[in-house]
Amino acid sequence: MVGAHSIVAVAAVLAVVLPLTAAQPYRSSTCAGGTYAANGTYQANLQLVAAALPANASATPAGFATGTVGALPNQISALALCRGDTDAPACRACVADAFPGAQQDCPSSKDVTVYQDACVVRFSDQQFLDFPGVNSPYAVSSWDSDNLTVPAAWFDAAVAALMNATVDRAVSVSVTAASSSSNSSSARKYFATGVEDFDAEHYPKIYGLAQCVPDMTVVQCRGCLGSLVASMPGFLDGKPAGRSLGVWCNLRYSVSPFYAGPAMLHLAAPAPAPAPTAVPSVVTPKNGAVLAGRRRRRRAAGIAAGVAGFVALVMLFSGVALVRFRRKIAEKNALEKIGRAKCTVFDFFTLQEATENFSEDLKIGEGGFGIVYKGKLPDGQEVAVKKLLDSATGHGLLQLHNELQVLATLQHKNLVRLHGFCVHQNQKMLVYEYIKNGSLDNFLFDTETGNKLSWDQQYNIIVGIAKGIMYLHEDSRIRIIHRDLKANNILLDENADPKISDFGLARLLGDHTQTKTATVAGTYGYMAPEYAIHGSVSPKIDIFSFGVLVLEIVTRRRNTSFNDCDTVNLLSDVWKCWIQGMASQFVDQTLDGFSRTQALRCIQIGLLCVQSDPDDRPDISSVVSMLTRDSMELQAPAQPAFFFGRASPVVSQPYEEHFCGYDQSDVIFQEGITVNEVTLTDPYPR
């Protein structure tokens with residue numbers, strides 16, 4: 001699968017500029033890297049590539065082939081993509097001609113890309129097939145040296161409309177082909193041609209072409225071509241023909257036909273440019289000289305008015321085209337950000353089949369943002385498919401981008417693994433690894449299932465969550481604040497090892513340590529006071545949530561619940577018993593392997609994490625040290641946040657009678673401090 005780094009880099013810099021010429025076949029080469037020795041191993045490997053690649057490319061329906069030959073440091077990676085309207089013999093000849101062309105243009109260079117009319121070929125000592133864009137050469141842009149004989153703004157707007165429509169067609173044709181095939185990668189052929197009626201007198205038609213390599217994802221292809229389209233104003237500028245060629249995608253337009261076969265789409269002519277109007281005048285012998293002057297002035301005024309009207313019309317037409325173009329660019333940018341994530345773009349029909357058309361029988365969770373289904377892919381792999389609800393459509397793409405940007409770049413055993421995503425019309429889905437045991441709250445609070453953890457498992461879960469948070473806060477490339485840590489969002493694998501999930505609310509702080517948000521979103525009972533009240537975001541809000549989680553795990557009680565006579569607040573109850581020296585009464589001492597010392601240490605750490613002042617809470621690296629180093633001395637905790645001074649529970653009762661369940665609710669505090677409650681039964685990421 002082609003990686004996502006090339007989405008923008010493939011067309012970010014248009015460094016090679018050459019005029020199009022009809023006299024000679026088009027060829028442009030970029031030379032990079034070092035040079036190889038004559039008659040050496042690298043040259044021998046290059047000869048093997050040159051012998052195999054033309055036949056391999058011409059043998060595929062998409063005219064595309066890749067290959068790797070030899071071993072480092074003389075290993076060669078190569079790619080060939082023939083234009084979609086080229087037949088097999090022409091494809092083979094073009095790829096074969098590229099290698100002597102490379103030797104002529106870039107003698108002994110180890111990294112060469114050759115752009116020709118019918119194909120693009122690259123070979124390199126860099127492993128660019130897995131990481132496109134990182135070591136890719138610049139895109140090549142070129143145009144006709146002739147000047148237009150019609151207004152440039154009118155022509156450029158027409159070309160922009162044609163190229164956007166052709167890009168849409170190239171992507172949609174690939175989706176249709178892939179959805180009808182069991183092997184979507186081999187069925188894809190990102191290629192489309194288009195024609196637009198224009199000006200009968202000067203340029204009757206404009207022709208366009210767009211193409212991507214077939215093993216890109218739909219999002220990657222759209223983003224790659226979108227980058228080329230966005231760069232077109234830099235080289236259009238009133239030229240009747242132009243092209244922008246990259247390793248992974250390319251586009252071309254011209255007022256003369258240049259591709260074989262009929263166009264795949266046909267656009268109607270744009271509104272015609274108005275002709276300047278002339279003002280007639282009558283000349284008499286008596287006042288001929290005077291009227292001649294008036295006639296010249298009127299003619300000048302008429303011409304000025306005509307030009308002004310024409311300019312206004314062109315500006316209006318260009319404005320409409322620009323608005324549409326910007327809208328497409330905005331959509332492309334959103335999808336492009338998603339496409340940068342290193343994950344699979346799943347076909348909708350594949351997920352539909354995997355979940356038996358999103359059957360109710362396979363629903364394994366439901367929350368405020370979506371419904372989660374268990375699915376089984378054609379290769380037998382089990383997955384969890386989170387289908388975002390229609391009510392979240394307004395911000396669904398943003399949430400999708402957020403989770404992808406975060407999850408796809410994170411690699412840690414205590415973080416849930418994201419396989420990929422799917423965007424189909426207005427539906428958006430995330431595909432996670434399937435965690436058989438479900439979420440932590442099933443083991444802590446659901447007494448009907450009979451699930452029960454040993455003390456060692458509970459302690460391991462606490463340590464694992466802390467290490468996962470430490471990766472987010474301190475070890476990942478970007479500092480990440482989860483903002484919604486809770487028992488529902490901790491999944492347990494077959495070994496009861498914890499995996500933090502649901503990054504839909506995650507906030508990336510970069511080099512900043514603290515920020516504020518106008519909208520506070522999270523779960524009641526887990527939110528730190530400075531976040532819930534003032535919207536202050538820092539790593540310490542995750543520390544607070546972790547402290548609540550620790551106390552819930554150790555006591556196996558929800559933070560907030562209701563009994564027959566009063567509201568129970570776990571922080572208040574634990575603190576009350578802590579200062580009375582009776583905190584161990586909250587722990588089920590019948591658990592296998594129970595350690596009273598460890599239990600009290602966890603309670604003390606939990607209380608330290610839920611202090612009112614964020615500066616009084618430890619950072620996550622200190623928490624991990626506290627949990628893994630028994631000899632480390634702990635500070636005495638102060639009264640926690642959200643303390644309610646009421647009578648403590650009757651701790652002499654059996655452990656099972658210390659609590660009763662309640663319906664957990666999500667709350668979203670907006671600027672008006674309104675509360676929106678959503679009941680959750682959500683064992684998978686919301």
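Trainee: How does α13 pass α15, left-handed or right-handed?

Mentor: The crossing of α13 with α15 is left-handed. Keep in mind that this is a predicted model.

Trainee: What angle do the axes of α13 and α15 cross at, and within what distance do they come?

Mentor: They cross at roughly 150°. The axes come within 7 Å.

Trainee: Parallel or antiparallel, then?

Mentor: Roughly antiparallel. Angles over 145 degrees count that way, so α13 and α15 qualify.

Trainee: Which residues make the contact?

Mentor: From α13, take Ile543, Phe544, Phe546, Gly547, Val550, Leu551 and Val554. From α15, take Ala599, Cys602, Ile603, Gly606, Leu607 and Cys609.

Trainee: How many nonpolar, polar and charged residues does that contact of α13 with α15 have?

Mentor: It has 11 nonpolar and two polar residues. No charged residue takes part.

Trainee: Staying with α13, where does Ser545 sit, and is Ser545 buried or exposed?

Mentor: Ser545 lies in α13, which covers residues 539-555. Its relative accessibility is 4%, so Ser545 counts as buried. The cut-off for buried is under 20%.

Trainee: What is Ser545 in contact with, leaving aside neighbours within four places in sequence?

Mentor: Leu485 and Tyr526.

Trainee: Now α11 and α13. At what angle do their axes cross?

Mentor: Roughly 175°, with the axes coming within 11 Å. α11 and α13 are therefore roughly antiparallel to each other.

Trainee: Which residues meet there?

Mentor: On the α11 side, Trp455, Gln458, Ile461, Ile462, Ile465, Ala466, Ile469 and His473. On the α13 side, Pro539, Asp542, Phe546, Leu549, Val550, Ile553 and Val554. By class, the contact of α11 with α13 has 12 nonpolar, two polar and one charged.

Trainee: Why would residues three or four places apart point the same way?

Mentor: An α-helix has 3.6 residues a turn, so residues at that spacing point the same way.

Trainee: What about α11 and α15? How do the axes cross?

Mentor: α11 spans residues 455-475 and α15 spans residues 596-609. Their axes come within 11 Å and cross at roughly 30°. The two helices are therefore roughly parallel to each other. Their crossing is left-handed.

Trainee: Which residues meet between α11 and α15?

Mentor: Trp455, Tyr459 and Ile462 of α11 meet Gln598, Ala599 and Cys602 of α15. That contact divides into five nonpolar, one polar and no charged residues.

Trainee: New topic: α14. Is it mostly covered or uncovered?

Mentor: Mostly covered. α14 runs over residues 570-579, and seven of its 10 residues are buried.

Trainee: Which residues of α14 are buried?

Mentor: Leu570, Leu571, Ser572, Asp573, Val574, Trp575 and Cys577.

Trainee: What caps the N-terminal end of α14?

Mentor: Asn569. One of its side-chain oxygens lies 3.2 Å from the backbone nitrogen of Leu571.

Trainee: And which residue with positive phi follows α14?

Mentor: Gly581, with phi near 75°.

Trainee: Last one: Leu491. Where is Leu491 found, and is it buried or exposed?

Mentor: Leu491 is found in strand β20, residues 490-492. At 0% relative accessibility, Leu491 counts as buried.

Trainee: What separates the C-alpha atoms of Leu491 and Leu415?

Mentor: 9.0 Å. Along the chain, Leu491 and Leu415 are 76 residues apart.

How values were computed: Residues numbered from 1 in each chain as written. Predicted model: local features only at pLDDT ≥ 70, side-chain atom pairs only at ≥ 80, totals over all residues. Heavy atoms only, no water. Buried < 20%, exposed > 50% of the residue type's maximum accessible area, 1.4 Å probe, protein only. Helix = DSSP H or I, 4+ residues; strand = E, 2+ residues; numbered from the N terminus. Polar contact = N/O pair within 3.5 Å; in protein donor to acceptor, adjacent residues only side chain to side chain. Axes fitted to C-alpha atoms, helices over the stretch in contact; angles between N-to-C directions. Parallel < 35°, antiparallel > 145°, perpendicular 65-115°, else oblique. Left-handed = near helix turned anticlockwise from the far one by under 90°. Contact = heavy atoms within 4.5 Å. Nonpolar A, V, L, I, M, F, W, Y, C, P; charged D, E, K, R; others polar.
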